[in-house]
Amino acid sequence: MKKINYNLAVRRKIDGRAFALTLAVLLLALVMLNGITLWNLARLQSQDRAEKTAIGSISQKMAAMNQRTLEQRNEIAAWQKAWNPQLAHANALIMRKCFSYCARLDFLERVCGAGMRVRQLTILNEPAGRITMAVSAMAQNQLVALYKKLLPYQLVIAQENQSAESYQASLNFRMEDEKK
Amino acid sequence: MKKSKLLVTALLGVLAVSAAGCLFSFVYVSWQDLSRQSRWRAARDFAQQEKAAQALEREYRDWRELPLRLQEFRRDNIFTMDQFAAFRRDLDSRLAACGLRPPRIDLNFGGIRGNIRKVTLKFSAEGSYRDVKKFIHGMETKTKMHYFSSVHLTPGAETVKGAFLLEVYLGE
């Protein structure tokens, strides 16, 4: 005859190993999650510290630089007011000193071909100075060839005459200084 | 049994809070990264501002040194009265060397501007085109502040007649 055993426990009995395993898994997950959180925050903090050092010095430099820039601008404005007339005068003198008559004469020697004669030539040393000249040529095509060469120099033909012997023209043009 | 259940429930609760915290830390780090990027962008702008400030610094230095430069310019280029006398003699000898003999040279002392007086010399001379050009070239290559304000050339049969207007600057 089989012996009958009665379980008189109030609650159900727990499987110890399974419970311990569950607890271990839960604790491990807990430790892992908190570890990740702490690692994240620590990384952020160290980055913040490095950034604060860098940005702090940059913002200090920026403030100092802005202050210096403002002072410099004010001083430059004052200097400009005081020195601009003398500076402009000196620059105008240098510009006129750089003006080369020889370069213009060389140019005219190049463009005036054989059979042409310059009857009058005026060169003015001015920023918008134009070279005024009267030329005569044996044939009209010689004059036309000269016009072609002078076209890039804002050529203005003031007068063109024809006599029995020659063709005459009064013209002016503008030439930039080659020395500049 | 009840205690164990409670323990597991509590652990699960703590785990949920930890998971939320972990998630939040990731979101927070990403957000901080974004704002850090914008701060670094501002720092990069600083580099550009620094370049502009360096350019301004150079301009500032130029302006600070301008009075000295103008003084040097005057010293090196503007005639003193003694130098002008020497220049006048040199002009005569240069004209003679080029075979040009102007009948007269008119001098006109003009007004003063910035402590510099303009003197205009007006003269005409006749010679070969080569000599006239040689004279012009000789005057152009001199360093002191004088220049032809106008040159008017009229060719004759063999020679060229030149009317010259020369400006010379004297320091007061």
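This is a predicted model: local features need pLDDT of at least 70, side-chain atom pairs count only at pLDDT 80 or more; totals for chains, interfaces and linings use all residues.
Tutor: Residues are numbered from 1 along each chain as its sequence is written, and chains are lettered from A and ligands numbered from 1 in the order in which they are written.

Student: How do you know that E1(A) and E3(B) pair?

Tutor: Strands are DSSP runs of E with at least two residues, helices are runs of H or I with at least four, and both are numbered from the N terminus. Two strands pair if DSSP finds at least two bridges between them; four bridges join E1(A) to E3(B), therefore these strands pair, and they run antiparallel. Leu124(A), for example, stands opposite Ser150(B) in E3(B).

Student: What makes E3(B) and E4(B) a pair?

Tutor: Strand E3 (residues 146-155) and strand E4 (residues 160-171) of chain B are joined antiparallel over nine bridges, and Val151(B) faces Phe164(B) in E4(B).

Student: Why is one side of E3(A) and of E1(B) left without a neighbour in the sheet?

Tutor: The open sheet has eight strands in the order E3(A)-E4(A)-E2(A)-E1(A)-E3(B)-E4(B)-E2(B)-E1(B). Strand E3 (156-162) of chain A and strand E1 (105-113) of chain B stand at its edges, each with a single partner strand, so one side of each has no neighbour there.

Student: What makes a residue count towards the contact between the chains, and how many does each supply?

Tutor: Two residues are in contact if their C-beta atoms, placed from the backbone, lie within 7 Å; the contact takes 48 residues from chain A and 47 residues from chain B. On the side of chain A, the largest share, 32 residues, comes from H1(A).
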